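User: I'm new to reading protein models and would like to learn how to do it. Could you walk me through one, feature by feature?

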Amino acid sequence: MAKRRISKKEKEDIGVLMKFVGIYCRENHEGEKAPFSFKLLNIQEIEEKEVSLCQDCARLLTYGLTMRMKCPHDPKPMCKKCETQCYHGDYKSKIREVMKFSGMYMVKHGRVDLLYHYFV
Ligand SMILES: [Zn+2]
């Protein structure tokens with residue numbers, strides 16, 4: 001699939017997702033990590049800082065970004081109010097855990113600005 005242009009809103013959401021999964025992985029997982037890359041878009045355009053993730057987190061983030069780019073709603077509603085519910089099963093419990101953990105982490109570190117629209 002060719003890389004496509006994304007909207008400002010998509011960029012924001014994707015940036016937040018990357019930050020959240022990045023923090024979660026950094027604080028919880030040890031072991032081998034690789035810089036995250038995503039075939040559908042140029043992530044350096046969105047997040048200049050490289051995000052290093054373990055395999056599991058890379059899979060979760062890939063899923064999250066794919067679903068975000070496929071989101072049929074414009075504007076995207078809050079995930080928990082959405083009827084589409086793109087996260088299922090393991091992905092759903094995992095992304096919740098990530099959001100909760102990184103959400104708390106950001107509150108503790110004064111980054112509340114990133115939070116308000118982004119709870120799954
Ligand atoms: Zn991880």
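Analyst: Let's start with a pair of side chains. Asp13 and Arg68 form a salt bridge, with N and O 2.8 Å apart. The general idea: a salt bridge is a side-chain nitrogen of Lys or Arg within 4 Å of a carboxyl oxygen of Asp or Glu. Asp13 sits in helix H1 (residues 8-28) and Arg68 in helix H2 (residues 55-70), so this pair ties together parts that are 55 residues apart in sequence. Before we go on, a word on the source: this is a predicted model, where local features need pLDDT of at least 70 and side-chain atom pairs count only at pLDDT 80 or more, while totals for chains, interfaces and linings use all residues. Residues are numbered from 1 along each chain as its sequence is written, and side-chain values use heavy atoms, with hydrogens and water left out.

User: Are Asp13 and Arg68 buried or exposed?

Analyst: Here you look at relative accessible area: buried means under 20%, exposed means over 50%, and partly exposed is in between (1.4 Å probe, protein chains only). Both Asp13 and Arg68 are buried. Asp13 has 0% relative accessibility, which is why it counts as buried. Across the chain of 120 residues, 40% are buried.

User: What else joins the side chains of Asp13 and Arg68?

Analyst: A polar contact of 2.8 Å. That term means a pair of N or O atoms within 3.5 Å; within protein, one must be able to donate a hydrogen and the other to accept it, and residues adjacent in sequence count only if both atoms are side-chain atoms.

User: You mentioned helices. How many helices and strands does the chain have?

Analyst: Helices (H or I, at least four residues) and strands (E, at least two) are DSSP runs, numbered from the N terminus. This chain has 3 helices and 2 strands, and from the N terminus on they run α-β-β-α-α. With a relative accessible area of 76%, Glu32 is exposed. The C-alpha atoms of Glu32 and Gln55 are 8.2 Å apart, though 23 residues separate the two along the chain.

User: Back to salt bridges. How many does a search of the whole structure find?

Analyst: It finds 7 salt bridges. Among them, Glu27 pairs with Arg26, the closest N and O atoms being 3.2 Å apart. Glu27 is partly exposed, at 38% relative accessibility. Another links Arg59 and Asp56, with 3.6 Å between the closest N and O atoms. Arg59 and Asp56 both lie in helix H2, 3 residues apart, about one turn of the helix. Salt bridges can also share partners, and that joins Lys9, Asp13 and Arg68 into one network.

User: How many disulfides are there?

Analyst: A disulfide is a covalent bond between the sulfur atoms of two cysteines. The cut-off used here is a pair of cysteine sulfur atoms within 2.5 Å. By that rule the count is 0 disulfides. Take Cys82: the nearest cysteine sulfur, that of Cys71, is 6.0 Å away, and Cys82 is in no disulfide. Cys82 is buried at 13% relative accessibility, whereas Cys86 is partly exposed at 22%.

User: Last topic: pockets. What is the volume of the largest pocket?

Analyst: First the idea. On a 1 Å grid over the protein atoms alone, a pocket is an open set of points with protein on both sides within 12 Å along at least five of seven lines, and lining residues have an atom within 4 Å of a point. Grid points are joined across faces, edges and corners, and a volume is the space filled by probe spheres set on the points. Here the largest pocket holds about 350 Å³. It has 15 lining residues, and Lys19, Gly22, Ile23, Arg26 and Lys49 are the closest to its centre. H1 supplies the largest share of that lining, 5 residues.

User: And which residues lie nearest the centre of the second largest pocket?

Analyst: Cys79, Cys82, Gln85, Cys86 and Tyr87, out of 20 lining residues. That pocket has a volume of about 270 Å³, and H2 gives the most to its lining, with 4 residues.

Methods
1 Å grid on protein atoms, 1.4 Å probe; cavity = no way out; pocket = protein on both sides within 12 Å on 5 of 7 lines; lining within 4 Å.
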